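Let's explore a protein chain together, one question at a time.

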Amino acid sequence: MTARPRTDAELAAEPAAYWTKIAYEALIAFIRARQAELGFTQPGYWLLRHLSEHDLSADGHGMTLAELRQAMITYLRPEDDLAAEAETLLERGWLTRDGDGRLWITEAGEEARATLKRHAPAIRDRVHQGISDADYVTTVKVLQRMIRNTGGAVG
(Lines give C-alpha, C1' and ligand atoms only; values in the text may rest on other atoms or scores of the structure.)
Protein backbone atom coordinates (compact mmCIF):
# COMPACT_ATOMS: atom_id res chain seq x y z
CA MET A 1 0.00 0.00 0.00
CA THR A 2 1.39 3.39 -1.01
CA ALA A 3 0.81 6.42 1.16
CA ARG A 4 -1.01 9.22 -0.59
CA PRO A 5 0.99 12.37 -1.22
CA ARG A 6 0.53 15.03 1.42
CA THR A 7 -1.03 18.32 0.46
CA ASP A 8 0.93 21.55 0.79
CA ALA A 9 -1.26 22.45 3.79
CA GLU A 10 -0.41 19.11 5.46
CA LEU A 11 3.30 19.55 4.74
CA ALA A 12 3.20 23.10 6.15
CA ALA A 13 1.86 21.71 9.43
CA GLU A 14 4.66 19.14 9.82
CA PRO A 15 7.48 19.81 12.31
CA ALA A 16 10.62 21.28 10.76
CA ALA A 17 12.82 19.59 13.36
CA TYR A 18 11.65 16.16 12.21
CA TRP A 19 12.49 16.87 8.56
CA THR A 20 15.82 18.56 9.30
CA LYS A 21 16.89 15.55 11.38
CA ILE A 22 15.83 13.09 8.68
CA ALA A 23 17.62 15.18 6.03
CA TYR A 24 20.77 15.50 8.14
CA GLU A 25 21.02 11.77 8.81
CA ALA A 26 20.36 10.86 5.16
CA LEU A 27 22.89 13.38 3.85
CA ILE A 28 25.61 12.37 6.29
CA ALA A 29 25.06 8.66 5.54
CA PHE A 30 25.18 9.31 1.79
CA ILE A 31 28.31 11.48 1.93
CA ARG A 32 30.14 9.06 4.22
CA ALA A 33 29.22 6.10 2.01
CA ARG A 34 30.58 7.86 -1.08
CA GLN A 35 33.77 8.77 0.75
CA ALA A 36 34.16 5.19 1.99
CA GLU A 37 33.92 4.00 -1.62
CA LEU A 38 36.95 6.22 -2.28
CA GLY A 39 38.85 4.80 0.71
CA PHE A 40 38.29 7.75 3.07
CA THR A 41 36.28 8.56 6.13
CA GLN A 42 34.72 11.96 6.63
CA PRO A 43 36.57 12.58 9.93
CA GLY A 44 39.84 11.49 8.31
CA TYR A 45 39.26 13.92 5.47
CA TRP A 46 38.55 16.67 8.01
CA LEU A 47 41.87 15.93 9.73
CA LEU A 48 43.70 16.29 6.42
CA ARG A 49 41.82 19.49 5.58
CA HIS A 50 42.58 21.11 8.94
CA LEU A 51 46.28 20.30 8.60
CA SER A 52 46.69 21.37 4.97
CA GLU A 53 47.98 24.84 4.18
CA HIS A 54 46.09 24.43 0.89
CA ASP A 55 42.76 24.04 2.67
CA LEU A 56 41.56 24.98 6.18
CA SER A 57 44.91 25.52 7.91
CA ALA A 58 45.98 29.16 7.94
CA ASP A 59 49.66 28.30 8.24
CA GLY A 60 50.13 24.56 7.66
CA HIS A 61 51.46 24.05 11.18
CA GLY A 62 50.82 20.83 13.04
CA MET A 63 48.05 20.53 15.59
CA THR A 64 47.36 18.28 18.56
CA LEU A 65 44.29 16.05 18.61
CA ALA A 66 42.75 18.35 21.22
CA GLU A 67 43.26 21.36 18.94
CA LEU A 68 41.82 19.48 15.97
CA ARG A 69 38.84 18.30 18.00
CA GLN A 70 38.16 21.88 19.09
CA ALA A 71 38.40 23.11 15.50
CA MET A 72 35.79 20.51 14.45
CA ILE A 73 33.52 20.71 17.50
CA THR A 74 30.50 21.99 15.58
CA TYR A 75 30.37 19.09 13.14
CA LEU A 76 31.96 16.06 14.79
CA ARG A 77 29.46 13.31 15.47
CA PRO A 78 29.47 11.35 18.75
CA GLU A 79 30.77 8.23 16.99
CA ASP A 80 33.72 10.07 15.38
CA ASP A 81 36.96 8.92 16.99
CA LEU A 82 39.67 11.35 15.93
CA ALA A 83 42.41 9.42 17.73
CA ALA A 84 41.58 6.26 15.77
CA GLU A 85 41.25 8.24 12.55
CA ALA A 86 44.65 9.85 13.13
CA GLU A 87 46.24 6.44 13.76
CA THR A 88 44.87 5.18 10.45
CA LEU A 89 46.25 8.22 8.64
CA LEU A 90 49.61 7.80 10.40
CA GLU A 91 49.72 4.16 9.27
CA ARG A 92 48.94 5.21 5.69
CA GLY A 93 51.76 7.74 5.80
CA TRP A 94 49.35 10.64 5.31
CA LEU A 95 50.23 12.18 8.67
CA THR A 96 53.27 12.28 10.91
CA ARG A 97 53.45 13.06 14.63
CA ASP A 98 56.21 15.13 16.19
CA GLY A 99 57.68 14.84 19.69
CA ASP A 100 55.09 17.30 21.04
CA GLY A 101 52.19 15.16 19.80
CA ARG A 102 51.34 17.51 16.94
CA LEU A 103 50.05 15.95 13.76
CA TRP A 104 51.39 17.15 10.42
CA ILE A 105 50.14 16.38 6.94
CA THR A 106 52.62 14.64 4.64
CA GLU A 107 53.01 15.01 0.89
CA ALA A 108 51.09 11.73 0.48
CA GLY A 109 48.38 13.08 2.79
CA GLU A 110 48.16 16.26 0.73
CA GLU A 111 47.73 14.16 -2.41
CA ALA A 112 45.00 12.11 -0.72
CA ARG A 113 43.20 15.26 0.43
CA ALA A 114 43.35 16.72 -3.07
CA THR A 115 42.02 13.47 -4.55
CA LEU A 116 38.94 13.46 -2.35
CA LYS A 117 38.41 17.16 -2.94
CA ARG A 118 38.25 16.45 -6.68
CA HIS A 119 35.33 14.05 -5.99
CA ALA A 120 33.38 16.54 -3.85
CA PRO A 121 31.60 18.26 -6.78
CA ALA A 122 30.18 14.93 -8.01
CA ILE A 123 28.92 14.11 -4.51
CA ARG A 124 27.36 17.56 -4.24
CA ASP A 125 25.78 17.21 -7.71
CA ARG A 126 24.15 13.94 -6.67
CA VAL A 127 22.78 15.48 -3.47
CA HIS A 128 21.46 18.51 -5.37
CA GLN A 129 20.02 16.51 -8.28
CA GLY A 130 16.65 17.95 -9.32
CA ILE A 131 17.04 20.97 -7.02
CA SER A 132 17.63 24.36 -8.59
CA ASP A 133 20.13 26.71 -7.01
CA ALA A 134 17.22 29.09 -6.35
CA ASP A 135 15.28 26.41 -4.44
CA TYR A 136 18.39 25.46 -2.50
CA VAL A 137 19.07 29.10 -1.55
CA THR A 138 15.44 29.53 -0.49
CA THR A 139 15.69 26.42 1.69
CA VAL A 140 18.87 27.64 3.36
CA LYS A 141 17.36 31.08 3.97
CA VAL A 142 14.23 29.52 5.50
CA LEU A 143 16.37 27.36 7.79
CA GLN A 144 18.47 30.37 8.78
CA ARG A 145 15.32 32.30 9.62
CA MET A 146 14.04 29.41 11.77
CA ILE A 147 17.38 29.35 13.56
CA ARG A 148 17.19 33.09 14.27
CA ASN A 149 13.50 32.79 15.27
CA THR A 150 14.48 30.27 17.95
CA GLY A 151 17.38 32.30 19.32
CA GLY A 152 20.13 30.50 17.48
CA ALA A 153 23.05 32.14 15.74
CA VAL A 154 23.56 31.96 12.01
CA GLY A 155 27.26 32.03 11.09
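**Helices, burial and overall form**

Q: What span should helix α7 have, and how far apart are its end C-alpha atoms?
A: Helix α7 covers residues 133–149, which is 17 residues. The expected span of a helix is 1.5 Å times one less than its number of residues, so α7 should span 24 Å. The end C-alpha atoms of α7 agree with that, being 24 Å apart.

Q: Which residue just after α7 takes a positive phi?
A: Before we go on, note that this is a predicted model, where local features need pLDDT of at least 70 and side-chain atom pairs count only at pLDDT 80 or more, while totals for chains, interfaces and linings use all residues. Residues are numbered from 1 along each chain as its sequence is written, and side-chain values use heavy atoms, with hydrogens and water left out. Just after α7, a positive phi of about 90° is taken by G151.

Q: How many helices and strands does the protein chain have?
A: Helices (H or I, at least four residues) and strands (E, at least two) are DSSP runs, numbered from the N terminus. Along the sequence, the pattern reads α-α-α-α-α-β-β-α-α. The secondary structure therefore comes to seven helices and two strands.

Q: How far apart are the end C-alpha atoms of helix α2?
A: Helix α2 holds 22 residues, 16–37. At 1.5 Å a residue, α2 should span 32 Å. The ends agree with this, as their C-alpha atoms are apart by 32 Å.

Q: Is Q35 buried or exposed?
A: Q35 has its place in helix α2. Buried means under 20% relative accessible area, exposed over 50%, and partly exposed in between (1.4 Å probe, protein chains only). Q35 has a relative accessible area of 6%, so this residue is buried.

Q: Which helices do the buried residues of α2 pack against?
A: The buried residues of α2 are I28, F30, R32 and Q35. Contact means heavy atoms within 4.5 Å, and leaving aside neighbours within four places in sequence, Q35 has contacts including Y45 and L116. The buried residues of α2 pack against α3 (42–51) and α6 (107–127).

Q: What is the radius of gyration of the protein chain?
A: The radius of gyration is taken over C-alpha atoms, and the globule rule is 2.2 Å times the number of residues to the power 0.38. A compact globule of 155 residues would come near 15 Å. The protein chain, however, has 19 Å.
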